[in-house]
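Okay everyone, let me put this one up on the screen. I'll talk through the sheet, then a helix, then the aromatics.

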Amino acid sequence: MTAQLLTLSTPDGPFTIIARDGAVLASGWTAVAGELTGQIHPDLLPRTYETVAELPGISAAVEEFYAGNPAAAMAVPVLQKSGPFRSHAWDMLRTVAAGSPVTYTEYAALSGNARAVRAAASACAFNAAALFVPCHRVIRTDGSLGGFRWGLPIKQSLLERERQLAPAAQA
């Protein structure tokens, strides 16, 4: 199977997307596609890649996010594969409102098991579709950022951007 590969310039640096059939397989703040492919489930891993200048709907959603509409990224189809808890947890991440981050404990409860904090954190760590599955919206109970595969400065930037837009994002 062939996937499309696109790197966009964003205020947070290069953002690369690997997509197939209109769905995001992997994405993140890098210009190196190889930094994304390791996160794609082996059953979904493309054999070949085609570099494109645009991904209809997907690239527009990234531009909309940076223009002040974070909801656009939540409408983009995502294709990830894992076990039942992690798959459900990824779906639940897409319900966390921009500008209203949740703690890892709250995220575990949202995902169906309040005691599964480590499993919830693991779902964030193994999320291949950054931005479209907004793992950056999960923080530690003490309010500190916790981890982020693409670096804490980018996580802080995303959270600050969404915090400033919160009233508009939730309208």
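**The sheet**

So, we have an open sheet of 4 strands, in the order β3-β2-β1-β4, and the pairing is mixed. On average, neighbouring strands here are turned by 30 degrees against each other, direction ignored. Two strands count as a pair if DSSP finds at least two bridges between them, and strands are DSSP runs of E, at least two residues, while helices are runs of H or I, at least four, all numbered from the N terminus.

Before I go on, this is a predicted model: local features need pLDDT of at least 70, side-chain atom pairs count only at pLDDT 80 or more, and totals for chains, interfaces and linings use all residues. Residues are numbered from 1 along each chain as its sequence is written, and side-chain values use heavy atoms, with hydrogens and water left out.

Back to β2 (residues 13–20): 5 bridges join it to β3, and the two run antiparallel. Thr16, for instance, has Gly28 in β3 as its bridge partner. Packed on the sheet is helix α2 (residues 58–67), which touches β1 (2–10), β2 and β3, and its direction makes about 20 degrees with that of β1. Contact here means heavy atoms within 4.5 Å, and the angles, on a scale from 0 to 180 degrees, are between N-to-C directions of lines fitted to C-alpha atoms, for helices over the stretch in contact.

**Helix α4**

Which residues of α4 (residues 84–93) are buried? Ala89, Trp90, Met92 and Leu93 are, where buried means under 20% relative accessible area with a 1.4 Å probe, protein chains only. They sit on the same side of α4, because they cover an arc of only 160 degrees around the axis, going by the directions from the helix axis to the C-beta atoms. Their cover includes α5 (104–110), α6 (117–125) and β6 (138–139).

**The aromatics**

How many aromatic pairs are there? The structure holds 4, counting rings of Phe, Tyr and Trp (its six-membered ring) with centres within 6.5 Å; planes under 30 degrees apart are stacked, over 60 edge-to-face, the rest tilted. Trp29 and Phe148 make a tilted one, 6.0 Å centre to centre with 50 degrees between the planes. Trp29 counts as buried at 7% relative accessibility, and Phe148 does at 13%.

Technical notes: Buried means under 20% relative accessible area, exposed over 50%, partly exposed in between (1.4 Å probe, protein chains only).
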